[in-house]
Amino acid sequence: MIKRNILITGGAGFIGSHVVRLFVNKYKNYNIYNLDDLTYSGNLENLLDVESSQNYKFLKGSINDANVINNFFEEYEFDAVIHLAAESHVDRSIANPFAFVETNVLGTVNLLNAAKKYWGRNCVNKLFYHISTDEVYGTLGETGFFTEQTPYDPNSPYSASKASSDHFVRAYGETYNLPYIISNCSNNYGPNQFPEKLIPLFIHNVIANKPLPVYGDGKYTRDWLYVVDHAYAIDLVFHKGKLQETYNIGGFNEWQNIDLVQLLCQIMDKKLDRKEDESAKLISFVKDRPGHDKRYAIDASKIKEELEWEPSVTFEEGLERTVDWYLNNEIWLKNVTSGKYQEYYKNQYQS
Ligand code: NAD
Ligand code: DAU
């Protein structure tokens, strides 16, 4: 069995924690190093079940600091990077774009520089795997899908920063022969997602009997994927994907926001033993998000055909599992919604 030292960045966040768990449990021959700066969305409580595993180590630090990264590369001799650390919320990028440039663009370039320096020009068995988003492609009209050939056309500061990081990864591949793969995924949902994104925010608000702020007319469309299925896709792409290529990952699962929110409310009414339609009464249409992308939908046929990946969980199952997780993890929810969260909520929804 091949030994590998794998650096996973952003492993204390939502998707990263599911990827860390999968790799630590499945690949005992790999040493998994989780580098995370524990920003507002990073939470070591997400990884309590793996923290004492022999093949796991947490490294506290920011990808924005080149010295920190170089020291870790020197000490732990990583031979692969799975890069998830990022500022990830569109609304925050509208309020403060610069933080997105710092982490998503400069932080990624810091990591690329370290990989280039420590791997040199002989990059045998090395891989820089960059986790990106479908938002780099911009927005779709009523029909069509994003393919790996769709030109980049980002509309928010978040997606512009992710697009920029993708371009840097590709450029390091072309210019310095750095072995890389990029995957661009659609909207994830599931346990451990910070309650600023649509699904966990609305679950939190239904529990607290607070309004459910639907932006604009609610007719915006997203393609939803259960986070564990994204982690499985990342595992496959990491081990079997072709170098210097891109893979689109999606749920084959488009929903208009308002329909999704109605379904979520029905599930929550049942789980909370509420009267039919009680939670839906909390729906409140509010001012739209500026530059709001109308529709995202991924054509995931490349990963399906080349790597035989497809989602294992239906949306109804995944949503029910997600609701159950939040209802069973009240302390987690309480801890992440105290303190600074209240300030964020007030600025975003009450000013
Ligand atoms: P998240 O916000 O839950 O987690 C981000 C993690 O990165 C946190 O643990 C945070 O502490 C860490 N981090 C932030 N800045 C850092 C820095 N400077 N140095 C070190 N660590 C830092 O985000 P997520 O939803 O898990 O997204 C993970 C990645 O997947 C991101 O790159 C995102 O663009 C991408 N992505 C997300 C989705 C989605 O639907 N959530 C879909 C496609 C792609
Ligand atoms: O497509 C992948 C992207 O999905 C990821 O790259 C991002 O990291 C992730 O945040 C997500 O971006 P979205 O902007 O699509 O996700 P969000 O959960 O913020 O919003 C989903 C939809 O719900 C979107 O149309 C906006 C709407 N919305 C969101 C919030 C937070 C509301 O109507 N009200 C809200 O309060």
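A polar contact is taken here as a pair of N or O atoms within 3.5 Å; within protein, one atom must be able to donate a hydrogen and the other to accept it, and residues adjacent in sequence count only if both atoms are side-chain atoms. By this criterion, a polar atom in the side chain of T150 lies 2.8 Å from the backbone nitrogen of T147. T150 is located in the loop between β5 and α5, where helices (H or I, at least four residues) and strands (E, at least two) are DSSP runs numbered from the N terminus. Leaving aside residues up to four places away in sequence, T150 touches Y137 and F145, contact meaning heavy atoms within 4.5 Å.

The model is predicted, and local features therefore need pLDDT of at least 70, side-chain atom pairs count only at pLDDT 80 or more, and totals for chains, interfaces and linings use all residues. Residues are numbered from 1 along each chain as its sequence is written, chains are lettered from A and ligands numbered from 1 in the order in which they are written, and side-chain values use heavy atoms, with hydrogens and water left out.

A nitrogen atom of ligand 1 lies 3.3 Å from a polar side-chain atom of N64. On its own, ligand 1 has 830 Å² of accessible area, of which the protein covers 96%. Accessible areas come from the Shrake-Rupley method with a 1.4 Å probe; for residues, only the protein chains shown count as cover.

Ligand 2 has 26 residues around it, the closest being D134, E135, Y158, R289 and Y349. A polar side-chain atom of Y158 lies 2.6 Å from an oxygen atom of ligand 2. For N187, a polar side-chain atom is 2.8 Å from an oxygen atom of the ligand, and an N or O atom in the side chain of R222 is 2.8 Å from an oxygen atom of ligand 2. The protein covers 95% of the 690 Å² of accessible area that ligand 2 has on its own. Two or more residues of the shell around ligand 2 are given by α3 (90-95), α6 and β8.

Helix α5 comprises 20 residues (157-176) and reaches 28 Å from its first C-alpha to its last, close to the 28 Å expected at 1.5 Å a residue; the expected span is 1.5 Å times one less than the number of residues. The buried residues of α5 include Y158, K162, D166 and V169, buried meaning under 20% relative accessible area, exposed over 50%, and partly exposed in between (1.4 Å probe, protein chains only). Their cover includes α3, α4 (97-119), β5 (127-133) and β6 (180-185). The helix is followed by N177, a residue other than glycine with a positive phi near 60°. N177 lies in the loop between α5 and β6 and counts as partly exposed because its relative accessibility is 44%. A positive phi, about 55°, is also found in N209, which is not a glycine. N209 is in the loop between α6 and β8 and is partly exposed, with a relative accessible area of 48%.

Helix α8 (residues 257-271) has 15 residues and spans 21 Å from its first C-alpha to its last, close to the 21 Å expected at 1.5 Å a residue. Among its buried residues are I258, V261, L264, C265 and M268. The buried residues of α8 pack against α6 (198-207), β8 (212-215), β9 (221-226), β11 (254-256), β12 (283-286) and α10 (315-328). After α8 comes D273, with a positive phi near 60°. C265 counts as buried because its relative accessibility is 2%, and C185 counts as buried at 3%. The whole structure contains 0 disulfides, a disulfide being a pair of cysteine sulfur atoms within 2.5 Å.

Notes:
A residue is near a molecule or strand if one of its heavy atoms lies within 4 Å of it.
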